[in-house]
Amino acid sequence: MKVLLINGSPKQDGCTKRALNEMKKIFLQEGIEVQDFDIGTNQIRGCFDCKTCYKTGKCAFDDVVNKAAKLFEEADGIVIGSPVYYSSPNGSLISFLDRLFYSTHFSKRFKVGASVTSCRRAGNTANYDIINKYFGISEMPIASSTYWNMVFGKSKEEVEHDKEGLHTMRVLARNMVFLMKAIKLLKDKEGLPESEESIRTNFIKELIY
């Protein structure tokens, strides 16, 4: 089984990476293949809603998003980590995720998702909620832990002192492995739940006089 670890921080060896590495240790112990993906300081455009991906199967901007898309399709689970920027994920990561989830038309049903956030002081729960919404709209089960998936620190050295945060990461990884294995077992035995054709409704009502 495979897990994709996305580090949304421009710092490839900072607080967010430290949290993801704590999970990585558990994944490897459990025999899970891990693919690291750092978006780093890449200049990532936002989605233009050009719908080119509906014709070509990939984003019109051929950058790190299309590279990650192939790894995402092969993965059984994905962990998305980000530092807090104004109570929100890194702006480059938001552009990355908007395009990654919108331009990839393969089924994401029952791939397991987990969000991880790092902060110096606050804004972490808002950050956590924003990332989880990408999973919630994609029929992806969300892995949880004994606390919200976050670590505190201004540097990775400070994160080392956040013993509860690192414990949260280890529990999160083990729970994620369990979910992925359980889903695979039932999928192989009974298949996935019946899927209905999507219904899209705009919130516009006819005016009646």
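Reader: How many disulfides does a search of the whole structure find?
Author: The search finds 0 disulfides, a disulfide being a pair of cysteine sulfur atoms within 2.5 Å. This is a predicted model, in which local features need pLDDT of at least 70 and side-chain atom pairs count only at pLDDT 80 or more, while totals for chains, interfaces and linings use all residues. Residues are numbered from 1 along each chain as its sequence is written, and side-chain values use heavy atoms, with hydrogens and water left out.

Reader: Is cysteine 119 buried or exposed?
Author: Cysteine 119 is buried, at 5% relative accessible area, where buried means under 20%, exposed over 50% and partly exposed in between, with a 1.4 Å probe and protein chains only.

Reader: Switching topic, how many aromatic pairs are there?
Author: The structure holds 8 aromatic pairs, counted when ring centres of Phe, Tyr and Trp (its six-membered ring) lie within 6.5 Å, with planes under 30 degrees apart called stacked, over 60 edge-to-face and the rest tilted. Among them, phenylalanine 101 and tyrosine 134 have ring centres 5.4 Å apart and planes at 45 degrees, so this pair is tilted.

Reader: Which residues form the aromatic cluster?
Author: Phe72, Phe101, Phe106, Tyr134 and Phe135 form one cluster.
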